[in-house]
Amino acid sequence: MVAGTGRSPVVLNQIGALVGERIAAHPSRPTVLRHEDGRPPWDIPDGVEVLLTRPLIGWDAAPTARPAGWGRGLRWIQSASTGMDVYPPWLLDGAPLVTCARGVSAVPIAEYAMAAVLAFEKRLDAVRLRGPEDWRRETLGGLSGRRLGLAGFGAIGQAVAERARAFGLSIGAVRRSGWTGSRPGVEPFDRLEDLIAVSDHLVLALPLTAATRGVVGADLLARAKPGLHLVNVARGALVDQEALLAAIEAGRIAGATLDVTEPEPLPAGHPFYRHPAIRLTPHVSWSAPDVEPRLAERILANLDAYARGEPLRDVVNVQAGY
């Protein structure tokens with residue numbers, strides 16, 4: 001429970017102009033401060049009560065130890081991302097309360113995953129014509145009856161499953177929190193090793209934690225169904241990239257669609273850039289025209305609750321790390 005302050009909160013906005021404008025118009029009449037360019041994101045001015053923050057603004061350079069005075073006066077941090085691995089551990093250590101944007105980008109990420117699966121099966125790049133000399137008949141793949149594996153069954157995994165059912169895919173999933181009750185059209189698996197052994201396509205939608213880092217390694221890939229197509233829309237560090245390349249070169253894995261890598265971007269000359277079986281995109285699966293307005297609505301709903309002293313939505317589980 002977050003206690004109301006009885007006054008207009010001071011909010012530091014590190015997310016963007018649209019969110020700042022929407023927050024400034026909230027009935028609680030907050031004072032919205034704009035993040036100064038070049039200022040470290042953890043350098044919070046005195047008097048700030050609410051921090052709206054996001055990745056890729058310098059958190060990767062944060063000190064390993066909590067800065068002196070960090071968190072003084074802060075009562076709530078709202079992240080624009082779902083994953084919390086981009087932030088230093090001390091941000092989650094104790095007060096203030098931290099909430100995330102769980103599910104805000106689930107639909108565009110699910111659409112990206114399905115586009116990747118379709119492009120792989122239909123071989124759109126291979127059959128593209130560049131002149132009459134390329135004209136030839138080829139047999140394309142299909143989705144009906146193929147199995148889609150979901151590593152992770154949160155908001156993203158569920159959005160992928162909803163769309164995959166419409167294409168006639170058989171769907172299996174593992175979830176770290178375990179299974180309670182049935183999910184129509186989704187076969188539950190307890191182990192990723194069992195799921196990868198029967199999947200034609202495997203979508204990674206897991207949070208990056210100490211327990212999941214490198215989970216897709218040589219041992220797991222050795223258990224994959226021959227011809228597997230791997231789709232990673234989560235975090236690059238889930239995958240041992242050298243092991244993935246070796247599995248593709250050995251013919252065990254047919255291909256990979258990677259929207260995320262470790263690091264981002266990969267250095268010049270990395271073999272993933274030119275490998276014919278690997279499609280790389282620049283961490284854009286989350287993007288869509290309505291994502292920022294949806295994020296603003298999520299934050300406004302939490303600000304409503306905050307002003308009333310009610311529980312906030314999507315509070316990060318500190319122990320789980322997401």
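# Salt bridges and sheets in a predicted model

Arg146 has a relative accessible area of 29% and is therefore partly exposed; the classes are buried (under 20%), partly exposed (in between) and exposed (over 50%), computed with a 1.4 Å probe on protein chains only. The model is a predicted one, in which local features need pLDDT of at least 70 and side-chain atom pairs count only at pLDDT 80 or more, while totals for chains, interfaces and linings use all residues. Residues are numbered from 1 along each chain as its sequence is written, and side-chain values use heavy atoms, with hydrogens and water left out.

## Salt bridges

The structure holds 20 salt bridges, each defined as a side-chain nitrogen of Lys or Arg within 4 Å of a carboxyl oxygen of Asp or Glu. Arg146 takes part in one of them with Asp200, where the closest N and O atoms are 3.4 Å apart. Asp200 sits in the loop between helix H4 (192-196) and S9, and Arg146 in the loop between H2 and S6, so the bridge ties together parts 54 residues apart in sequence. Helices (H or I, at least four residues) and strands (E, at least two) are DSSP runs, numbered from the N terminus.

Arg102 and Asp314 also meet through their side chains in a salt bridge, at 3.4 Å from N to O. Because Arg102 belongs to the loop between strand S5 (97-99) and H2, and Asp314 to the segment after helix H7 (291-308), this pair ties together parts that are 212 residues apart in sequence. Both residues belong to a network of salt bridges that links Arg102, Arg298, Arg313 and Asp314. Another salt bridge joins the side chains of Arg191 and Asp194, at 3.2 Å from N to O.

Accessibility of residues in these pairs:

| Residue | Relative accessible area | Class |
|---|---|---|
| Arg102 | 27% | partly exposed |
| Asp314 | 14% | buried |
| Asp200 | 7% | buried |
| Arg191 | 39% | partly exposed |
| Asp194 | 36% | partly exposed |

## The seven-stranded sheet

Seven strands form an open sheet with parallel pairing, in the order S8-S7-S6-S9-S10-S11-S12. Its edges are strand S8 (186-189) and strand S12 (278-280), each of which pairs on one side only. From one strand to the next, the twist averages 15°. Angles run from 0 to 180 degrees between N-to-C directions, and axes are lines fitted to C-alpha atoms, for helices over the stretch in contact.

Strands count as paired if DSSP finds at least two bridges between them. Strand S6 (residues 147-151) and strand S7 (residues 170-174) have five bridges and run parallel. Gly149 has Gly172 in S7 as its bridge partner.

Helix H2 (residues 106-122) packs on this sheet and touches S6, strand S9 (201-204), strand S10 (228-232), strand S11 (253-258) and S12, its direction making about 155° with that of S10. Helix H6 (residues 241-249) packs on the sheet too, touching S10, S11 and S12, at about 140° to the direction of S11. Contact means heavy atoms within 4.5 Å.

## Strand S3 and its partners

Strand S3 (residues 50-53) is covered on both faces, with Val50 and Leu52 buried on one side and Leu51 and Thr53 buried on the other. Strand S1 (residues 10-13) runs parallel to S3 and is joined to S3 by three bridges. Leu12 has Leu51 in S3 as its bridge partner. Strand S4 (residues 76-79) is likewise parallel to S3, with four bridges between them, and Trp76 in S4 stands opposite Val50.
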